[in-house]
Amino acid sequence: MEDIDVFAGLDLSTSSDIEVPPKLIDQVIGQEHAAEVMRKAATQRRHVMMIGTPGTGKSMLAKAMAELLPKEEMQDILVYPNPEDSNNPIIRTVPAGRGKQIVNAHKMEARKKLQMRNTLIMLLIIGIVGYALITYQWLMGIIAAAFIFMALRYSTPREETMVPKLLLNHESDSIAPFIDGTGSHAGALLGDVRHDPFQSGGLETPSHDRVESGAIHRAHGGVLFIDEINTLTPHSQQNLLTALQEGAFPITGQSERSSGAMVRTEPVPCRFVMVAAGNLDAVQGMHPALRSRIRGYGYEIYMKETMEDTAENRRKFIRFIAQEVKNDGKIPHFDRSAIVEVLREARRRSNRKGHLTLKLRDMGGLIRVAGDLARQESAELTTARHVLAAKSSARSIEDQISDEYIRRSRDYDITIVEGAQVGRVNGLAVMGSDSGSVLPIMAEVTPSQGANGSVIATGLLKEIAQESIKNVSALIKKFTGRDIRNMDIHIQFIGTYQGVEGDSASVSVATAVISAIENIPVRQDVAMTGSLSVRGDVLPIGGVTYKIEAAAKAGIKKVIIPQSNLEDVLIEDSYRQMVEIVPVAHIEEVLQNALVPENREGFLAKLRKMAAVHSAPGLFDQNVGHSPV
């Protein structure tokens, strides 16, 4: 990546030269559509649901919405005791700032009454004791004084029980609140009533004093943000829907075995704008009526994972670096070389040609680790050396597990990278979101024991992977020309303890099965990845960069990838000389590069015949620019 291409005419020496916008909405990177929707939603006080990969800016947009909400009069909420029914406290709202004054006034009045009552009790006791001294009836006087003190102390009402509780407090000039209710249990979300172990004898806590506000009440007049909304229980989602519809929700005890379950306040105001967020699976886990409410009275947004690698977007990404440094406040700014390296990593992590990643939380982590390394050295600026070191030290758990698995598999010959074997192929897989691994696949063909043959695949295959295995059978018939009804095909995925999902192993499975049927060895220094159509086209897959790097770390010399993924490859410089990358468009090219037949000319003739049916003539007139098998 050339320096001039990165900065696109932006004149700067370090990230400190970049001006960071004061408003959060202007700091959003790559989600312009989402930012525009949030502006509209804030103006009209509409609900919003954002769906997308973690780390793409959902919580930042929710916080930005709180800044954009129109200015309105905030309110304090008070809970008063109900003289007629102590289990039904009264709710009152007053202008912001007045609630504290009202409570203080009630406390002062209660304090005065308490002092007056204590004074009268003291005078009465002194009178009784004095009379007892005069009449020489000391014992009777003491007993009488104690009896009167206890009777008056516990028979008269306690003044503090009549003091209202300030449930929600705002300053008169406060802005709209932003409340994060992510992962809240029912009591924290909807409000609760504390349990009272002393429920009688004059020791009980007044019901109104045990009432606690929930996130929906604290968000009154502002924004309630709930990430991973599908993790809320159906009961909580149903009550959340009621709060959205009514704009008020009574507080009651959430535990059936608690004394608070008997208490239920009047409806407490909770007019808030809800911003819900989650991954794609959140849509299936949501209460249908709750989602309908959001769609009917708001917006749904899908968060982008990448943005085009244009000059304008690179400048935005450079501003993101400056924002992260400023927000952290403890790391030095980045020089030009460090910025170039961060942008190169953003390209690499996008897994898409001509794009930059928008998983900015992960990129922010890389920036902070690089800054920590620079600070540890007391460096004035963070340089490319620090960023490269951060990439090595701040690897994901999946990447570390992958390295450990590769080492162990080599020790125990699970991964073989030399020679040739029949029915064995080194496939490639992705672990997590930023790590690859070598996936050995074995195939064996046996005579059918029943009326019809079958394809048997093992290795915790999930739905899409199982379907891809079925598609491979069509290619097997086409290439071998054999009737597979009289044979059983066994396919084993080695070491797939977490299961296999996706169809990116289709190429590997087809190669292993064809090798087993035709008894042609497969080169073990070759690994491959790619999806297959039923016609044999090699289709694009994800995570190609991480897969190639995993193959290189395992000692594999050649990696076969889909032709359409070639521009997605952005492997680290240290791996470039370790592995040869072979792009292919059809299964014949895979077989040509992977199989080692005894009769090579006859094998190539069979491939040409197969290719002639599928594609234009001349496909194998040249060796597609790679070393011969």
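The chain has 21 helices and 25 strands. Helices (H or I, at least four residues) and strands (E, at least two) are DSSP runs, numbered from the N terminus. The model is predicted: local features need pLDDT of at least 70, side-chain atom pairs count only at pLDDT 80 or more, and totals for chains, interfaces and linings use all residues. Residues are numbered from 1 along each chain as its sequence is written, and side-chain values use heavy atoms, with hydrogens and water left out.

Of the 629 residues in the chain, 48% are buried. Buried means under 20% relative accessible area, exposed over 50%, and partly exposed in between (1.4 Å probe, protein chains only). The accessible surface of the chain is about 30,700 Å². Carbon and sulfur atoms account for 52% of that surface. Accessible areas come from the Shrake-Rupley method with a 1.4 Å probe; for residues, only the protein chains shown count as cover. Contact means heavy atoms within 4.5 Å. Among contacts between residues at least 6 apart in sequence, 74% join residues at least 24 apart.

Helix α4 spans residues 58-68. Its buried residues are Lys58, Leu61, Ala62, Ala64, Met65 and Ala66. They pack against the helices α2 (24-27) and α3 (32-44) and the strands β1 (47-51), β5, β8 and β11 (273-278).

The structure holds two aromatic pairs. Rings of Phe, Tyr and Trp (its six-membered ring) pair if their centres lie within 6.5 Å; planes under 30 degrees apart count as stacked, over 60 as edge-to-face and the rest as tilted. Phe178 and Phe225 form a stacked pair, 6.1 Å centre to centre with 25° between the planes. Phe178 lies in strand β5 (residues 178-180) and Phe225 in strand β8 (residues 223-226), so the pair ties together parts that are 47 residues apart in sequence. Phe178 is partly exposed because its relative accessibility is 25%. Phe225 is buried, at 2%. Phe317 and Phe320 form an edge-to-face pair, 5.5 Å centre to centre with 70° between the planes. Both residues lie in helix α12 (residues 311-328), three residues apart, about one turn of the helix. Phe317 is buried at 0% relative accessibility, and Phe320 is buried at 4%.

One charge also sits over a ring: the charged end of Arg293 lies 4.1 Å from the centre of the ring of Tyr297. The criterion is NZ of Lys or CZ of Arg within 6 Å of the ring centre and within 35 degrees of the ring normal.

Helix α13 has 15 residues (336-350). The expected span of a helix is 1.5 Å times one less than its number of residues. For α13 this gives 21 Å, and the end C-alpha atoms are 21 Å apart, which agrees. Its buried residues include Glu345 and Arg348. Glu572 touches both of these, as well as Lys391 and Glu549, not counting residues up to four places away in sequence. Glu572 is found in the loop between β24 (558-562) and β25 (580-584). Its side chain makes a polar contact with the side chain of Lys391 (3.0 Å). A polar contact is a pair of N or O atoms within 3.5 Å; within protein, one must be able to donate a hydrogen and the other to accept it, and residues adjacent in sequence count only if both atoms are side-chain atoms.

Asn351 follows α13, in the loop between α13 and β14 (355-357). Asn351 has a positive phi of about 55° although it is not a glycine. It is partly exposed, at 22%. Asn519 also has a positive phi, about 60°. Asn519 is found in the loop between α18 (506-518) and β20 (521-523), and is exposed at 56%.
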